[in-house]
Amino acid sequence: MTPIPSATQWGSSSASKRALLIHGATSSSQTWETIAQALVRAGYLVTAPNMLGHGYRRSDDLRLSALAEDLRSYFAEGIVYDVIIGHSFGGDVALALIPFLPADRRTAVVLVDPGIESSQETLAAKEASYSEEIRNVRSIEAHMAEHPAWTHRDVVSRVLALHMAQGDLVKQIFAQNVPFTFKHLFTTIPPHVDVVVLMADPELSKTCPPDQVPVHPRVRSVLVKGSGHWIHHENPDVVVSTALGAVERLTGMEPAGRLEHVGTPRSSGRPVVG
């Protein structure tokens, strides 16, 4: 069986700028709704694919390379993007796409709390937690109670995404990507690409500790104080402003490599381990 690509799109085809949004594991294209609508207001045509294993797209091949290759069709016929945003495992996929970006076009890449490296112990805990979420999808009300900072629309899209996810998704992602480390992908960042890494507050999420982000002249690290792993739901303004600023910065060529801090009061405050 050959999976059929699927995506959600927002905005006008005549928009002067384009954005590609890549969701994380167990999510879907529609979970980008809040971010996408904000980018549309800023003049973007926004495309968010459903990755393999998500959005009813069952696949036996969930290697990072296969997920990235599957998305290359969104670059067909000369389509280019001003900014690419990836959350969690989608951030790793975004990194894997960098070598395929056109060298004659500057591109901003925003990684939202990506999983750069995880131990087997951490992966085992994540697999148990996320697999249970897929097997027994909780109600919208239960998700709202756990994530009071999220909009109702974001919660609904999250619940739908879990219903559409492949049953063995998390197990297969971790089994097919061993070791689960993607630091080497930072070595392929060329001069025409700028990367911003948005990291959650280490007290609320350990998915992307600051010391895991490699030092690179084209990489800027931003610590979002008070925000957990789901930064794009808890504080979408930070993600949007970072993306728009990254695109603007490409023309000014402001030096990267700094660790910045951004505060956000919207987190639910519930720690996320992993």
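Here are a few questions and answers on helix packing and cavities.

Guide: This is a predicted model, where local features need pLDDT of at least 70, side-chain atom pairs count only at pLDDT 80 or more, and totals for chains, interfaces and linings use all residues. Residues are numbered from 1 along each chain as its sequence is written, and side-chain values use heavy atoms, with hydrogens and water left out.

Visitor: Are H2 and H3 roughly parallel or roughly perpendicular?

Guide: Helices here are DSSP runs (H or I, at least four residues). The axes, lines fitted to C-alpha atoms over the stretch in contact, with angles from 0 to 180 degrees between N-to-C directions, come within 9 Å for H2 (residues 64-71) and H3 (residues 89-97) and cross at roughly 70 degrees. Since 65 to 115 degrees counts as such, H2 is therefore, relative to H3, roughly perpendicular.

Visitor: How many charged residues are in the contact of H2 with H3?

Guide: Contact means heavy atoms within 4.5 Å. H2 brings Leu-64, Leu-67, Ala-68 and Leu-71, while H3 brings Phe-89, Asp-92, Val-93, Ala-96 and Leu-97. Asp, Glu, Lys and Arg count as charged. By class there are 8 nonpolar residues, no polar ones, and for charged the count is 1.

Visitor: Which helices each supply at least two residues of the lining of the largest cavity?

Guide: A cavity is a set of points on a 1 Å grid over the protein atoms alone where a 1.4 Å probe fits but cannot get out, and lining residues have an atom within 4 Å of a point. The largest cavity holds about 210 Å³ of space, and among its 17 lining residues the closest to the centre are Ala-25, Ser-88, Phe-89, Lys-126 and Tyr-130. The helices that each supply at least two lining residues are H3, H4 (120-135) and H7 (169-176).

How values were computed
Angles under 35 degrees count as roughly parallel, over 145 as roughly antiparallel, 65 to 115 as roughly perpendicular and the rest as oblique. On a 1 Å grid over the protein atoms alone, a cavity is a set of points where a 1.4 Å probe fits but cannot get out, and a pocket is an open set with protein on both sides within 12 Å along at least five of seven lines; lining residues have an atom within 4 Å of a point. Grid points are joined across faces, edges and corners, and a volume is the space filled by probe spheres set on the points.
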